[in-house]
Amino acid sequence: MDLFEKIAANRGPLGSHAHYAHGYFSFPKLEGEIKPRMIFRGKEVLTWSLNNYLGLANHPEVRKADAEAAAEYGMALPMGARMMSGNSNLHEQLESELADFVKKPDCMLLNFGYQGVVSIIDAMVNRHDVIVYDAESHACIIDGVRLHQGKRFVYTHNDMASLEKQLERAKRITDETGGGILVITEGVFGMSGNQGDLRGVVALKEKFEFRLFVDDAHGFGTMGTTGAGTGEEQGVQDGIDLYFSTFAKSMASIGAFVAGPENVIEYLRYNMRSQIFAKSLPMVLVVGALKRLELLRTQPELKDNLWTVVRALQSSLREKGFNIGTTTSPVTPVLLAGEISDATQLIFDLRENHAIFCSIVVYPVVPKGVIMLRLIPTASHSLEDVKETITAFEAVAAKLDKGLYSKTQVTV
Ligand SMILES: Cc1ncc(COP(=O)(O)O)c(C=O)c1O
């Protein structure tokens, strides 16, 4: 069969919605400055869908640092991969400051979080080793695991009895192969907002020999007393052997890093294919990240403001009877019952009549019959924004309950 014909017949689980969703439900264009009120199709909307947790995207000091760095360095510098010709003092300074911030001996910058995670996993294990990972892991973890040529076992999300069972299976294999075990989980799960049970995982180190790799994309900057992440929040940062975060969320930028022991980071520098064979992070992003990190360290009020909004949003939703699942982080899912047609009508109503913009998650990401609206509070939102949103949510949920959304697909 011709590959292009096959693709024409099967657009993939998300792509099959493209004919009605594109430009509105998927690939929407939010325009204007990054702040709670942005422009969607020419109209102002209150936005809850950007991972700009600390409000740094549009912070005046950040904007100034980015602009000055762009004027000074351009986008090209440094040229080449870090290993060949793309290293700089500023790259190394950022690595050292990040390592200090997350309380690890050393750190390595990564061009993108997704590629970084895939490549860390690829570099850490060979066919004699076994990976044990949480069932709700992000796509980058799943894709890293896919590259693995040895055994992999998945444990039920955050279920320590299940993890223990999988570790027993893993141990039986490594006893034979002489390999090691890598456990992978997230600090904060980006869909449910659950924290990974890092304390539970670390406690299992008393019984099993393994190394723990944590993707803390949503926890870095938002969790823990200093913002050092979910390990700090749960008092087990030392038990995390490799700590990862992207710059795409709290840092409101591009890039990522992995932190851990010096010899392991050095090994990664010389063995991670996604970094050895790719251009170094541009200087503009490095200088911008240094400024963002400085603000994270010196302006704890950013995290405090975030949590004021998080608490107000989550407690108001709960008071009004909304099911927000089991979140213990800023990520705020709102779970409703309905079909995809209801979901599209409801989102259309929210955006067009209530000027509220949030992300929508439907089957296959959540089970059939469930509509998940996902709200990401930020330090820039106000308590007034929360009130307005709750009023709108009550209105649309009442309509959904009464079956007032038609069963026809919204076309926009
Ligand atoms: C848990 C998690 N890991 C990794 C990534 C990928 O990071 P990046 O956007 O830097 O590729 C994301 C999304 O940004 C994420 O949510």
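In strand β12, the bridge partner of L46 is I356. The structure is a predicted model, in which local features need pLDDT of at least 70, side-chain atom pairs count only at pLDDT 80 or more, and totals for chains, interfaces and linings use all residues. Residues are numbered from 1 along each chain as its sequence is written.

Strand β3 (residues 43–47) pairs with β12 in the parallel sense over 2 bridges; strands count as paired if DSSP finds at least two bridges between them. Helices (H or I, at least four residues) and strands (E, at least two) are DSSP runs, numbered from the N terminus. The order β1-β2-β3-β12 describes an open sheet of 4 strands with mixed pairing. Its edge strands, each pairing on one side only, are β1 (30–31) and β12 (356–357).

Next come two helices. The axes of α13 (residues 300–319) and α15 (residues 383–401) come within 9 Å and cross at roughly 20 degrees; axes are lines fitted to C-alpha atoms, for helices over the stretch in contact, and angles run from 0 to 180 degrees between N-to-C directions. The contact involves V309, A312, L313, S316 and L317 of α13 together with L383, V386 and I390 of α15, where contact requires C-beta atoms, placed from the backbone, within 7 Å.

Finally, which residues come nearest to the ligand? Of the 13 residues around the ligand, these are G113, Y114, A217, T246 and A248; a residue is near if its C-beta atom, placed from the backbone, lies within 6 Å. Helix α5 (residues 113–124) gives the largest share of this shell, 3 residues.

How values were computed
Contact = placed C-beta atoms within 7 Å.
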